[in-house]
Structure formats: C-alpha cells, structure tokens
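Reader: Please take a close look at a single part, the aromatic ring pairs, and take me through them with the cut-offs stated.

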Amino acid sequence: MKIPSVDLKAQYKTIKKEIDMSIKNVIADCAYVGTSSNKYVQNFENEFAKFAGVKYVIACANGTDAIEIALRALGVGAGDEVIVPALTWISTAEAVSSLGAKPVFVDIDEYYSIDVAKIEKAITKKTKAIIPVHLYGAPADMISILKIAKKHGLKVLEDCAQAHGAELNGKKVGTFGDIATFSFFPGKNLGAYGDAGGIATSNKTLADMCRKISQHGQLDKKHFHYIEGRNSRMDGIQAAVLSVKLKYLNQWTKQRIKNADKYCQLLNKIDLPKVRSGAKHVYHLFVIQTDHRDQLQQYLKEQGIEVGIHYPTALPFLEAYKQYHYKPADFPVAYEVTKKILSLPMYAELTDSQIKFVAKSVVSFLDLK
Ligand SMILES: *Cc1c(COP(=O)(O)O)cnc(C)c1O
C-alpha cells in the first residue's frame, strides 16, 4: 500500500470546488499582492486573528520572514542574543542571525520543546528574547517560560509554525508571549498553495511595527515611509486559499488527534509522543522513537510507506553553526533523539486502513528485531 507522509492531493479533493472558485475570484479582481487595499489578505488576517485569539494578525510572505520581522519589532538587533531550542527547523535560528543577533541554543525536554530547566544558564547580559517552538504541534511549557522571561526582562516570541490551534490549559498557543509567528507552508496544519506566513499579537505598538517593517516602512499612508522596512507580503491567492481552508481547520485537527490516538492504540510497544499535562497536541507530526530507526525507515519504504525525520541533525551540530564548536555533551538530549526519531504519515485524510497498515508494518518490523 502506498502511503505518503502528507497527502495534499487527498485534502484538495475534499474542497476543490471552493478552492477553485476562490482562486478565480482573486484573478478576476486582479488582487494579486497583499498591499494594504487587498480585501482577500485583509479578510484572512481578520479571520485568523479570531481563530488565534489575538487582536492583530499581519500576513507576510512566509514563516521565516514572520520570525525575522517580529524579532526586529521586538527590538532585537546586532549584538543581541536570543534563546532558541536546539531541535527545530532552522528558520527559528536563521531569523535571529539575519538580524545580526546570535542564536543561543538550549537543549530540549522529553516533549521535544525547549528544556525550561536549562534556560537560565543560557541567559547573559546580551539576552533579549526567548523563542519557544511548539514543535510537532506540542505546546512548550509556556507557564515556566513566561516566569523566566519576566524575571529577566526578556521578550517572548512563540514560533507556532507547526502548532495552529494547539492549546495549553485551554489557551491557544501564540497568545502567551509578546508575539507569535505562523507558517502557512503547504504541508503545515494550515497550509497555503505556495509560501505564506503570519504574525499574531494583541499589542498594537508591536502590530504596527510589524506592519511597517513588512511594507517598506509604510503604515497608514502610501508613500509615507516611517522607517526603512522591507517587502514581505502575502499573495492574494494564498490568502483566499487560506480563508477557505481555515473553515475546516478545527475539523482537520480533530481528525489528526483521532488518527494519533489510533496509532497509539496499535503501537504500544514503541516510544510514542508524550503529551504535556494540560496540553492539546495538534499532531503536525507523529514522531516515534526507536533504536533501529534507519532500518525501520528502510523497511517501511519497502512497504510503500513514506516517513520523515524531523530533524536528522540538531541545529548546533549543523555545518551552518560549526563556528561555535558545539559538542554532543552540550545538548545531550537533542543529540541522542535525532538518532531515534521517525515521523510516521500524519494528515487528517489518513484512512483507518492506512493507519492499520502503517502500524502493522511497524509492529512486524519490531517483531523481527
Ligand atoms: C516551517 C517552519 C518555519 C518556517 O516557515 P516557512 O514558511 O517555511 O518560512 C519556522 N519554524 C518552524 C518550527 C517551522 O516548522
């Protein structure tokens, strides 16, 4: 049985009519680019703000830009330090470096998010902010992070690129810190049909600053540039697609959680994702751990099952950060888990028979061990 790790085609089939119509409308209106008068982008911003539980959403070109713009709005610049988890997609750290600041890595906990017990050791006089990442869709320990940030006068940016709709203690992720960023990359839980991103905050000053940065320093008046900004806009087509898909997001999330529960019932002999107390995990990825990861990956491939590794190397050990000379002992948890983690196929449209086939294949591999 052929099972992809994500099946965007299966999803498109369920909403084809609405999507095709929404794209046609944008073309008919020539509303291609998200300048301040684009109603498709404005509508999506308002709808997503309501969904995310914030007052303001600023649409932008992608999730990486979102982090960079939000950090700049927080005042992060050359010479500053920003704390980021050792295991995440590189954007989280890249955005820090692109502002001339230094990403300072902290090891992860058993839920794959930043280990709050190790944050304070990483704080120096130069530290400006912390970026918790709700990796795989699992909320980071925001309560402890906010306490530490308050004690040391640090800003908090939540990287919600993998966690649309995730919650901690009944509160949406992205509403805990000063500002939050989202990616709408096609494969994310809410994905466009191209690149797109967004910034969410309830702080008007920060929202205005992000808006200015993303549209060449303009805010309310065209050709009045308050500052030098940059160009980071969401396309009209992406906004229209996202508005259609947002209506289905809660339903898709419920289905992801159901699928995860089914995997858990069928796979009790393997290390399953742990869910923090009070957390609603939205399973962007369903990540298991095994000592025989590479062999299991190969075995599943032979069965037609596509799996992923997120990520094969923790950030500190990438070539890109070799100038810092990190050793495995500096981030032991991140270093160890990257040898064991495997992301099983996960999407709302997975059928029962697909889930059973994946689980059966994993179990029969383990029985061979
Ligand atoms: C996808 C992702 C991003 C970046 O989003 P893009 O839209 O691809 O630029 C940032 N952080 C994390 C954790 C991500 O998974």
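Author: What follows concerns the aromatic pairs.

This is a predicted model, in which local features need pLDDT of at least 70 and side-chain atom pairs count only at pLDDT 80 or more, while totals for chains, interfaces and linings use all residues. Residues are numbered from 1 along each chain as its sequence is written, and side-chain values use heavy atoms, with hydrogens and water left out.

Rings of Phe, Tyr and Trp (its six-membered ring) are paired if their centres lie within 6.5 Å, and planes under 30 degrees apart count as stacked, over 60 as edge-to-face and the rest as tilted; by this rule there are 21 aromatic pairs. One of them, edge-to-face, joins Phe 44 and Phe 184, with 5.3 Å centre to centre and 85° between the planes. Phe 44 belongs to helix H2 (residues 39–52) and Phe 184 to the loop between strand S8 (179–183) and strand S9 (197–201), so this pair ties together parts 140 residues apart in sequence. Helices (H or I, at least four residues) and strands (E, at least two) are DSSP runs, numbered from the N terminus.

Buried here means under 20% relative accessible area, exposed over 50%, and partly exposed in between (1.4 Å probe, protein chains only). Phe 44 counts as buried at 1% relative accessibility, and Phe 184 counts as buried at 0%.

A stacked pair is formed by Tyr 321 and Tyr 324, at 6.4 Å centre to centre with 15° between the planes. Tyr 321 is buried at 5% relative accessibility, whereas Tyr 324, at 25%, is partly exposed. Ring pairs also link Tyr 321 and Tyr 324 into a cluster with Phe 105, Phe 317, Tyr 326, Phe 331 and Tyr 335.
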